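Q: Could you walk me through a few pieces of this model with me? I'd like to start with helix packing and then move on from there.

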Amino acid sequence: MDNIEKVTDVILIGAGIMSATLGALLKELVPEWEIKVFEKLGDSGEESSNEWNNAGTGHSALCELNYTTEKSDGSIDISKAIVINEQFQLSRQFWSFLVKSNLLRNPKDFIMPIPHMSLVQGEKNVAFLKKRFEVLSNHPMFQGMEFSDDPDQLKEWIPLIMEGRTSEEPIAATKIDSGTDVNFGALTRMLFDHLKSKDVEINYNHSVEDFKRLSDGSWEVKVQDIANGTIENHMAKFVFIGGGGGSLPLLQKTGIPESKHIGGFPVSGLFMVCSNPEVVEQHHAKVYGKAKIGAPPMSVPHLDTRYIDNKRTLLFGPFAGFSPKFLKTGSNFDLIGSVKPDNVLTMLAAGVKEMALTKYLIQQVMLSNEERMEELREFIPNAKSEDWEVMSAGQRVQIIKDTESGGKGTLQFGTELITSADGSIAALLGASPGASTVVHVMLELLNKCFPQHMKEWEPKIKEMIPSYGLSLVENPELYKEIHDSTSQTLGLSEKETVYL
Ligand SMILES: Cc1cc2nc3c(=O)[nH]c(=O)nc-3n(C[C@H](O)[C@H](O)[C@H](O)COP(=O)(O)OP(=O)(O)OC[C@H]3O[C@@H](n4cnc5c(N)ncnc54)[C@H](O)[C@@H]3O)c2cc1C
């Protein structure tokens with residue numbers, strides 16, 4: 001049955017953290033705009049944004065070694081770390097605004113303070129970490145970072161990791177207490193509750209199937225009601241494709257020129273979860289290691305204290321792997337179905353270039369549980385198999401594009417916002433640094449898609465995100481002021497929170 005509906009202002013596709021944030025921003029900027037959401041699953045925050053499907057790190061480059069590289073002259077490049085840190089401050093400011101306005105209630109339900117640490121072994125890695133520490137700790141954004149290569153100090157910081165360690169190799173870590181664990185699943189659900197209270201129409205079990213561009217520039221979105229198979233056609237002046245891994249096939253269906261020559265490479269993930277509360281209690285940090293040679297950046301191993309369902313837990317991973325699905329709940333035909341005449345050469349070039357990566361990912365999938373335990377024992381030498389369970393994480397679809405620097409079919413590890421020339425449709429591709437930088441990404445979207453409104457919206461944006469339009473790098477005092485006030489509002493000031 002075909003059923004034509006009236007034109008709505010905005011359609012958000014997907015009920016993950018990205019749509020949730022865009023919806024919340026728009027509801028503050030233009031409360032009168034009508035917004036509809038279509039989500040194919042039965043609830044919000046069920047795919048990558050779910051707390052069990054991602055690592056919950058508030059990425060601000062406090063511990064992730066892949067955001068700082070060693071240049072050929074031996075110096076450390078921290079430019080990417082600074083960008084990521086600044087982007088996370090935007091998220092903290094928007095969340096603080098929502099808390100202060102009583103639009104989000106208890107910040108502890110979605111963000112908790114947790115030390116962020118980097119841990120390395122071997123002389124060369126220790127020298128790198130020390131050099132990195134010297135540069136970062138002198139920068140206003142990384143104040144409070146400590147370094148130690150003293151085993152006794154490390155035993156205090158990370159007893160579980162140091163106990164039973166027999167290796168004679170040098171070992172060192174950095175630690176900074178201002179890190180966070182973010183429950184993006186809880187945050188997504190809280191934001192959708194808020195949107196519902198603001199009369200946003202949220203349609204679960206509704207899958208977006210296709211698009212048609214109408215002569216007046218608006219979009220007709222074809223949606224299937226999964227419960228009864230009915231097809232509905234909804235029209236909107238603006239559409240955001242926030243389908244996570246499912247965004248690429250939807251973007252391709254729009255037919256916009258900007259959707260061409262782009263491919264996707266799905267990477268699956270596995271976490272190991274500790275089921276022994278005594279072990280969980282012995283660790284209190286997110287500890288990031290170094291990616292193995294040949295391993296992609298998203299497979300950097302880390303041992304994380306997490307706060308999920310009001311309980312402290314311990315996760316190790318993620319182990320990256322290969323799966324042809326674009327979503328955890330996707331189909332085995334997703335990858336092959338995304339190969340189109342316009343991107344086939346790009347995809348083939350990537351296939352040839354990334355042979356080693358594909359081989360690595362397939363090998364990772366084939367690991368036995370005991371082999372995974374061996375990797376875990378590099379972190380926790382005394383880890384017992386009976387204390388750990390394997391669970392599958394979310395899918396990450398990495399972007400494949402032709403780039404000037406990398407040539408045809410280059411695999412990208414970042415996030416990319418694709419918008420039509422007239423700003424009537426936008427899609428978010430890629431997965432990293434992901435949810436942490438959601439506010440930065442959505443501000444970019446507003447600038448690209450609604451340039452005609454930005455002047456009028458600016459005062460409200462500045463009320464929600466006080467540093468909007470200013471550089472926190474160039475204004476260290478403002479950085480400190482914002483960092484302190486958001487820590488206060490989000491309950492991150494306490495040194496250690498007992499949450500059992
Ligand atoms: C293993 C792993 C670890 C990660 N760790 C971190 C981390 O530590 N920190 C961090 O900041 N980020 C992390 N990320 C990234 C982060 O999870 C994502 O960037 C973020 O959740 C993406 O949000 P989203 O709203 O775009 O997608 P999702 O949360 O996946 O939501 C997309 C939604 O769209 C729906 N959908 C798809 N297609 C359709 C359709 N046709 N019709 C209707 N609905 C549709 C899906 O069902 C889904 O609910 C990690 C990701 C993974 C997989």
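Q: How do the axes of H1 and H6 cross, and within what distance do they come?
A: In this predicted model, the axes of H1 and helix H6, which covers residues 184-197, come within 9 Å and cross at roughly 40 degrees.

Q: Left-handed or right-handed?
A: The crossing of H1 and H6 is left-handed.

Q: And which residues make the contact?
A: On the H1 side the contact is made by Ile17, Ala20, Thr21, Gly23, Ala24 and Lys27, while H6 brings in Phe184, Leu187, Thr188, Leu191, Phe192, His194 and Leu195. By class, the residues of this contact of H1 with H6 divide into eight nonpolar, four polar and one charged.

Q: OK, over to the ligand: which residues come nearest?
A: Of the 41 residues around the ligand, the ones that come nearest are Gly14, Gly16, Gly244, Gly246 and Gly434. The elements that give two or more residues to this shell are helix H1 (17-29) and strand S11 (206-213).

Q: Which element gives the most?
A: That is H1, which gives three residues to the shell around the ligand.

Q: How do the shell residues divide by class?
A: Around the ligand they divide into 17 nonpolar, 19 polar and five charged residues.

Q: Back to helices, then: what about H2 and H15?
A: Helix H2, residues 79-100, and helix H15, residues 476-489, have axes that come within 9 Å and cross at roughly 45 degrees. Because of that angle, H2 counts as oblique to H15, and the crossing of H2 and H15 is left-handed.

Q: Which residues meet there?
A: From H2, Gln89, Arg92, Gln93, Ser96, Val99 and Lys100 meet Ile482, His483, Thr486 and Thr489 in H15. The residues of this contact of H2 with H15 divide into two nonpolar, six polar and two charged.

Q: One more topic, strands: how many bridges join S21 to S22, and do they run parallel or antiparallel?
A: Strand S21, residues 415-419, and strand S22, residues 425-430, run antiparallel and are joined by five bridges.

Q: What stands opposite leucine 417?
A: Leucine 417 stands opposite leucine 428, which lies in S22.

Q: And which residue takes a positive phi in the hairpin?
A: It is glycine 423, with a phi near 70 degrees, in the hairpin of S21 and S22, where five residues lie between the strands.

Technical notes:
Residues numbered from 1 in each chain as written. Predicted model: local features only at pLDDT ≥ 70, side-chain atom pairs only at ≥ 80, totals over all residues. Axes fitted to C-alpha atoms, helices over the stretch in contact; angles between N-to-C directions. Helix = DSSP H or I, 4+ residues; strand = E, 2+ residues; numbered from the N terminus. Parallel < 35°, antiparallel > 145°, perpendicular 65-115°, else oblique. Left-handed = near helix turned anticlockwise from the far one by under 90°. Contact = placed C-beta atoms within 7 Å. Nonpolar A, V, L, I, M, F, W, Y, C, P; charged D, E, K, R; others polar. Near = placed C-beta within 6 Å. Pairing = 2+ DSSP bridges.
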